[in-house]
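Subject: Structure handover

Hi,

Here is the structure for you to pick up. My notes on it follow below.

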Amino acid sequence: MLLGTATAIGCANIALIKYWGNCDPDARIPANGSISMNLDGLVTRTSVTFDSSLSLDQLSLNNQAASAPALARVVEFLDTVRRMAGIQMYAYVESENNFPMGAGIASSASAFAALSLATSRAAGLELNERQLSQLARSGSGSACRSVPGGFVEWKVAACDIDSAAESIAPPGYWDLVDCIAVVSQAQKPTGSTEGHSLAYTSPLQTARVNGAPERLDICRRAILEKDFETLANIVELDSNMMHAVMMTTRPPILYWQPATLAVMHAVTAWRKNGLSACYTIDAGPNVHVLCPAASASDLNNLLRQIPGVQQVYQAHPGGPARYL
Ligand code: DP6
C-alpha cells in the first residue's frame, strides 16, 4: 500500500554571509546568522514515496544507488518526518541534480530543501514555509535557506531551536548574477559537517561570530538598497574571514587551489578598474563571482581566460523550493 507520494524541486544557494560552526551541532543551530542568494536553474528534483511493501528505506541519487553515508543521512531525516507524522512506513527516495557533481555547487542545500517538501507532503503533513525551513535545516544547515525564495536570511538568536530562514527580497528584486568559476572537480578533502565541528578550534572563530551581526546588517542593507560596492566589500570580507578560520583550525583546512587565488586576484584588479564584481568561496576551491546582470557576459569571458578555470556556470536569483 502506498501512503503517499510527492515531488519537489529546490535551488542551490550561495552564501553572501557565511554559516560556519554550530552552537548546537545535533540540531544544526548555527553560531551566527547568514544570508544567501538562491541560484536559479541549479536545482535538485526529489520524489518521495512511502510504501508499506518496502522493508528498508531506499535512495537513488542521480540514477544510482546512494553510498552508505548518503543513505544514512537521508534515513535519519526520514525518521524525523516519520516521528512528526506518526507513521512507520519506509520510503523510496529518488533525487537528481541538474548540475554536475564536482561543479563546486553544494548539493546538500538544494537536496534537503526539495526533500523537506516532498517527504512532509508524502507523509501527509502540511507544513508552512517556516516549518519546512526548520525541517530542511535538520538535514543540512544551509538547506533552510533554499526553502524561501530570492535573497534569504537565516536569523539566529541565542541558540534558538526554532531557527529558520526567511526571504528578505524576492528573486526579481535585484538581478545579480553568480558566475561560478570551476577550478577543480575533485571531491573536497573535508566535508562541511566535519568543518563546522572544527570551527571553534580556531582562535579566530569567536571574533568572526561576534562580528557577524554587523556584517549581516551591512549585507542586508546593501541588498535592499541595491548597493553593489558595499555588497562587494562585505561579501569578500566575510568569505575571507571564514577561510581564515578554516585555515587556522586544528587540523587546518585549506580549500583554495592556485587557480582559486588567481581568480581572487583577477576579480580584485577588475573591480579596481571599474568592473562591478566580487568573489566569495564556500567549502571548496571553486570561486563564485557575483556581478550585476549587465556585466555578466563580460565577466564570463574574462573568467574563462584565467589559466586553471575549467568551466563557468551562471545563475540569476532563484525562487523558493516548490512542489511539482
Ligand atoms: C561554507 O550547510 O553544507 O557553504 O549543515 O553540515 O550540511 P551542514 O553544512 P552546510 O554548510 C555550509 C557551509 C558553507 C557556508 C554557507 O553556505 O553558509
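S133 touches C144, V147, A164 and A165, leaving aside residues up to four places away in sequence. Keep in mind that this is a predicted model. S133 sits in helix α3, which covers residues 129–139. Is S133 buried or exposed? It is buried, because its relative accessible area is 0%, and the cut-off for buried is under 20%.

L132 belongs to helix α3 as well. L132 also counts as buried, because its relative accessibility is 7%. Its contacts, again without residues up to four places away in sequence, are S116, L117, S120, L127, V147 and Y323. V147 is on the list for L132 and on the one for S133. I also have a distance for L132: its C-alpha atom is 9.7 Å from that of A114. Those two residues are 18 apart along the chain.

Next, the domains. The domain assignment gives domain 1 (2–171) and domain 2 (173–315). Their centres, taken over C-alpha atoms, are 23 Å apart. Domain 1 puts 33 residues into the contact, and domain 2 puts in 41 residues.

- R73: a polar side-chain atom lies 2.7 Å from a ligand oxygen atom.
- S140: an N or O atom of the side chain is 2.7 Å from an oxygen atom of the ligand.
- S142: an oxygen atom of the ligand is 2.7 Å from a side-chain N or O atom here.

How much of the ligand does the protein bury? Taken alone, the ligand exposes 460 Å², and the protein buries 96% of that.

Then turn to helix α3, where S133 and L132 are found.

Best wishes

Conventions. Residues are numbered from 1 along each chain as its sequence is written. This is a predicted model: local features need pLDDT of at least 70, side-chain atom pairs count only at pLDDT 80 or more; totals for chains, interfaces and linings use all residues. Side-chain values use heavy atoms; hydrogens and water are left out. Helices (H or I, at least four residues) and strands (E, at least two) are DSSP runs, numbered from the N terminus. Buried means under 20% relative accessible area, exposed over 50%, partly exposed in between (1.4 Å probe, protein chains only). Contact means heavy atoms within 4.5 Å. A polar contact is a pair of N or O atoms within 3.5 Å; within protein, one must be able to donate a hydrogen and the other to accept it, and residues adjacent in sequence count only if both atoms are side-chain atoms. Accessible areas come from the Shrake-Rupley method with a 1.4 Å probe; for residues, only the protein chains shown count as cover. Domain bounds come from an automatic or database domain assignment.
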